[in-house]
Amino acid sequence: MTDTLLFYLLVASFLWAAGLHGLIVARHVLRRVIAVNIMTAGVFLALVTLAARAPEPDPVLHALVLTGLVISVSATALALHLGTAAFSTEKPEPTTR
Amino acid sequence: MNFALVSLSIPLFTGLLLLMIPRYGGPWVVLSSTLSLAAAVASLVEVVDSGNQAVLLGGWPELLAIRLHLEPINALLLAFTALIQLLVSLYWSRNCRNDGFWALASLLHATLAALWLSGDLFNWYVTLELLSLVSVSMVALAGKDSIKPALNYLFLSLLASLCYLLGVAIIYGRYGVLDFQILSRMTVGDTSTAMAMLLMTLGLMVKGALWPLHLWLPPAHSRAPTAVSALLSALVVKGPLFILTLLWTRMAPMELTDKGGEFLAVMGVFALLVGGWCSFRTPLLKEMVAYSTVAQLGYVMLALGLMLQWQLRETLVALWLFVLAHGLAKTSMFLAAGEMQRIFGNKRVTALRGASQTAPVAMFAFAVAGGSLIGLPPSGGFLAKWLLLEPLFYDLQRWPLAFAVLLSTLVSAAYVFRIVTLAFDRAERGQAPSRDRVSEWLALLPALLVWGMALVSEPLILWLTRVAQ
Amino acid sequence: MMGGPWLFDIALGVLLVVLAIASIHARNLYAGVVMFISFGLVAALTWTYLGAPDLALAEAAISAGLTGVLLFAALARIGNTGSTPFTPRRLPALLCLAVAGLLMVTLWPLARNPSVLPGMAMANLPRTGVDNPVTGVLLNFRAWDTLLELAVLLVALLGSRGLRPTPEEEPVPWPLLTAWSRLLVPLLTLFGGYLLWRGGNWPGGAFQAGAMLAAGAVLLRLNGLLPEVAWRNPVVRGLTIAGLALFATIAALTAWLGDGWLNYPPGTDNALMMLIEIIATLSIATVLTLLVAGNKTELEP
Amino acid sequence: MSLSWTGILPLAVVLSSLVPGLLIFTLREDQQQLRTFLNLLGAVIKLVLVALMLYGVSQGAVFRFEFPFLPEAGILLHGDALSLQFVSLSSVLWLATTVYAIGYLEGAALKSRFFGYFSLCVSATVGLALAGNLVTFLLFYELLTLATFPLVVHTGTPEALRAGRVYLAYTLGGGALALMGIALLHSIGGTESFTTGGYLAPLMAEHSASLMLAFGLLVAGFGVKAALIPLHGWLPMAMVAPAPVSALLHAVAVVKAGVFGLVRLVYNVYGVDVMDALHLNDPLLWVASATIIYGSLRALTQTNLKKRLAYSTVSQVSYIAFGVGLLGPLAAAGALAHLVHQGLMKVTLFYCAGAFAQTLGVHRVQEMNGLGKRMPATMAAFTVCALGMIGIPPMAGFISKWYLGLGALQVNKEWGLAVLVISALLNAAYFLPLIYRGWFSAPGKEGWPAEKTFQTRLTRLPESHWMLVVPCLFTAMLSLLAGLFAASDLSPLAWGLLIVDREFQP
Amino acid sequence: MNEIMVWISWLAVMAGVFFFVAGAIGLARFPDIHCRLHAVTKADTLGMGFLVLGFGIRAEHWHSAALMLVIWLLVAASSAVSCHLLARYEQLEDEQ
């Protein structure tokens, strides 16, 4: 039973590292947002795997991951809006004011 | 404990109210921060009389519920946050152009209050994330040229939060507990705890802009609106530092504290010197003030590092004094810099030529705040530096650290007086710019407070020594 | 429940990693976004497999669904041109592999010792008046986290709303899509309500239901069927802050009248929680709609 | 914090110049009369208070003002004999310089700012003099730097700014070193108040290394303001400031503060026998002698009058350090007397230099030909004090050099006497040509570079503005009297001997 | 009785898998967008139908079978609409 958990922990570490690598190396906003989300998914996979250690999965960890999920979506939304605003500043923006 | 939570919920409700009625933001926030300050002071008095307090939210058993706990230091930080919020909103209500600021400022205040009170590792993750999002939104208020630094700030703080969250996951995996008070009795120095502490420390260092991971701070703080950069430098940067201090002084197992202490002390020294040097070199005024934040945080890191290595009470007291003195001094410096930048309409430092005639009070505020950053007696900065120096001299092998503090004093003197000397230049007489005398005096107020700390210095230091463990 | 054959695990694991790397390093951004959405769906599958149905629902609805829509909206505005694939340098890749290895070393011993909290959570569940343990934790044991989380959502909206609005043309309605959305949205709303209602006892809850409703609203908005969802309109503003305001007022009232912060009085906790859930769902739905399809051309108030 | 009048008086002395200073800051430029009134009022009140304190001390009253600042190191103002000597010197000269400055800055701009910082600087000097322990001393030492910096850069010209930057670099560096030294002493032995004979004797046993390091730091810290050899660079550059600033600050307040710090350090912190045991006085002696010789040599080559006077200050101030370094009673008396004498004489020389510059535009030594005829009174004062500096009897300078020589012989350091003689010759070498040009050579054909005539409402003034001439004569007369009546019990010498008796009696 | 049911469900599942694989190969191999759309929509929906049939038989309670049926109808409708959308988008692209 524990070796499937080990495998998922390994996958979680890989996801976290891939996200870290993407976030550091990528320059485009969208790629960095995707990388952040991959990293988040990695941490959540680790958390859920830890929750699945007992036959009855640990509800506290599930609640933590749910909270983390909502936080990550709001951070992503803000990052994307900032990204689009940053991009529109490069092109001559037809100022409406 | 109720007073502390009242001090938290007042800005929260004000923020929500301001979202519904966006007009008259300034007066509302001034009123709310005054009430919050009163509540915080009441909680401070209460906690000093009747000792530490804790409340299990929702009445659930100990391990399960989130426990908010109140110690004199937390109550002091609560009052400090409310005070800085009051000072900045007094200044900003006179020349604020963007109504979105007020709601975010109140939410920022509420988040910081939640951070000071919380004692739960995951709850800290949520408050840190909320803090970053509020700060990024406020930096982005300044319009076009502040969006790229805000974006960079957001990505780096997301990276930091994920490092921190992974650390929390490992700690929970290893001990099954999230409350740091209980953890302080359970931690053992094995590899996973070491890795968790490393990850959490790296995350908090990025969020707190401590030296090697501070690159997001100068562009973000210098391009943000004046009041925002003041709030960010004085308060937001201190949140992660508070958590870092609690983690290392209370929760870290004995084996790790020595290594951690050395690491932090060395980073502190580098922060002082490199931050000071960058601050001395940069041509932009607000960027110079931002770099000086990075430098002054070096003192806090140095104090924390020494505290971990020698377990001396004075260094912890020096740490909290640095936090308070730097907060007040930096608020005044940023407000003065912003005021002068508005008057001269130019971001560069050279625009301040002859500022001591055209904007004397703002320049005086800048110089007085700079005096406290350098640590000239009898300012708050001097008190903190004095307490930091004492243990350094207990035995003479520690002279390199004393030499580093000496060097950092000279570097900070260099970058403060570079501006002050420019101000006395009477070369050309520009047209008399429009001066707002009242807001200049408001910018001076925090600086006078930090020098006023001398009047109450001995009782403050004795109380802090008794209280900080 | 967990003993599935190892082939399925390996397939899932490899799929996850490959999709992750592909979505970051894809040649053009459009392919990257599509692969990220499929990554989200596979992750949802993994959560179900690891025994977390609540999370699977949330992952599919929020992280795969709404984040995907957000990415597509951003891609539409930024345009695919900016997707310069960067040269994958060796050093960071090796560095990150080392980090992965290091993480593995530390996570490896953790796989065995289960923690004590789940037992306590189960023991205290009856007193919460809710059967689904995850909702119990979310709304009772760690209610403070949920309150702050609603604040995070609200702040993300405030932040993105404060930016200079980027000009964006009105969506042109298209007959087949409008017809289909007229059919789909009622079903979505029904399903959202159902999720919300069953949240108490089975997997479901405020966030998943909110995401459903938001998806419905976005669909209508894209087809022009829904009038412009504007921040100026006080009802919309009221809705966005309703969730956080209600939760905070309840917290304050429980402290003032009851016997402690967020300590629901014994009789009424079920009703209170249901009230919080409903208002939170509406609030989350409004916030997510504004985030995804908020009208960008309006000026700040 | 005793609230009896003996507690309040020291504080009142410090505040008597601080409060008018802060008020002056708020005045507009054109409120001339009010500003002058406030200035003079402050000066007079301070003189009265100091006189009251002198009377009190002679009747045996103890003046202590205590205020908690740092744990076990509070702010302490303590009026003993040594501090009163320096306080009385400062307050007398502040009155004279205020009158002089009002005359000097007749048409200048930013007078409110100037007089504001001027009063802050004097209150810092007086506070420093009355300081009862090292922490208070450091507090006023740093405030002195902050108060004097705006005066040095007052003219706002690029050279003034460069001089200001150099001044800050030196003084803030010195302040930081002093902070280190005081923190070191505080951490090993705590900060006690200045006691005759020093309070570090018990620490000698196990902390000798730290004591030596602390002494080195503190001498370097105070040496910056006392213009000892490697740290004197800022003094000549700071001459670019207006004349009253150079007069009061660089001849009395700032420079004397540094030397006064050394005196306190040697006599009231370490004490004579600790200094002897750790052989700390020899390096101080060598540095002081080197400064004396070097200062005089550099003064020879200076063509600018104020620069020459500045280098002469560098060497003259080191006489006091030299006397203190000798550790003998007679030398100590000579040093303390020289503290006052040098102040009186040097201030007069700067007044005259300022008067020449303001009235005739004379800055360089070559332009001084025939000054005796054009401005006889000022030139006479200049000559009297120049002879005093050389050490010709019956001037005050001779008295202090005489006692320094005796002191050197008393502790049988004959080479000390040699140093004094060489420096007297060098002084003569750079002062006598000035006197000769002034009296005996005819003025240049093309007349004075920038002649200005002053007239009050009634008559056309013969020489120059009366406010410039009267202070010169007043201080010249004072230095003459200090020399002539050295034996009487009111003279600075008598005062020095009184302090030394208390310090050295077994 | 359930012996035959098990066989039928296995047959249905195998057919479903077959159609999915066919759809995937079609997606990979067909030259232009329209053929690929054709392959994906038709084959996958049919494959899905067979799978639902196969699992419906094996399900213990009719609720889950009904649920799977509804899911299948939804997938069929949404793939039809999206295929139409993609095709129309492609047509707009060609016109420019």
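1. Let's start at a single side chain: B:Arg250 touches B:Phe180 and B:Ser184, leaving aside residues up to four places away in sequence. Contact here means that two C-beta atoms, placed from the backbone, lie within 7 Å. A quick caveat: this is a predicted model, where local features need pLDDT of at least 70, side-chain atom pairs count only at pLDDT 80 or more, and totals for chains, interfaces and linings use all residues. Residues are numbered from 1 along each chain as its sequence is written, while chains are lettered from A and ligands numbered from 1 in the order in which they are written.

2. Where does B:Arg250 lie? B:Arg250 belongs to helix α11 (residues 238-251) of chain B. Helices are DSSP runs (H or I, at least four residues), as are strands (E, at least two), numbered from the N terminus. B:Arg250 is partly exposed, because 15 other C-beta atoms lie within 10 Å; the cut-offs are 20 or more for buried, 12 or fewer for exposed, and partly exposed in between, counting other C-beta atoms within 10 Å, placed from the backbone.

3. Staying in chain B, have a look at helix α4 (residues 100-117). Its 18 residues should span 26 Å at 1.5 Å a residue, and the end C-alpha atoms sit 27 Å apart, which agrees. The expected span is 1.5 Å times one less than the number of residues. Since 18 of the 18 residues of α4(B) are buried, the rest of the structure largely encloses this helix.

4. Chain A has three helices and zero strands, running α-α-α from the N terminus. Of its 97 residues, 77% count as buried. For contacts in chain A between residues at least 6 apart in sequence, 50% join residues at least 24 apart.

5. How does chain A meet chain B? One place is helix α2 (residues 29-51) of chain A against helix α6 (residues 147-175) of chain B, where the axes come within 10 Å and cross at roughly 10°. Axes are lines fitted to C-alpha atoms, for helices over the stretch in contact, with angles from 0 to 180 degrees between N-to-C directions. So α2(A) is roughly parallel to α6(B), a label for angles under 35 degrees. Residues of α2(A) in this contact include A:Val36, A:Met39 and A:Val43, and those of α6(B) include B:Phe155, B:Leu158 and B:Leu162. By class, the contact has 14 nonpolar, two polar and one charged residue. Nonpolar covers Ala, Val, Leu, Ile, Met, Phe, Trp, Tyr, Cys and Pro; charged covers Asp, Glu, Lys and Arg; the others, Gly among them, are polar.

6. Which pair of chains has the most contacts? Among the five pairs that touch, it is chains A and C. That contact takes 75 residues from chain C and 69 residues from chain A. On the chain C side, α3(C) gives the largest share, 14 residues, and the classes are 50 nonpolar, 15 polar and ten charged.

7. Chain C also contacts chain B, through 43 residues of chain C and 45 residues of chain B. The largest share of the chain C side, eleven residues, comes from α7(C). That side divides into 28 nonpolar, nine polar and six charged residues.

8. Finally, some chains stay apart. No contact joins chains C and D, whose closest C-alpha atoms lie 41 Å apart. Chains A and E do not touch either, with their nearest C-alpha atoms 23 Å apart.

Note on methods
Parallel < 35°, antiparallel > 145°, perpendicular 65-115°, else oblique.
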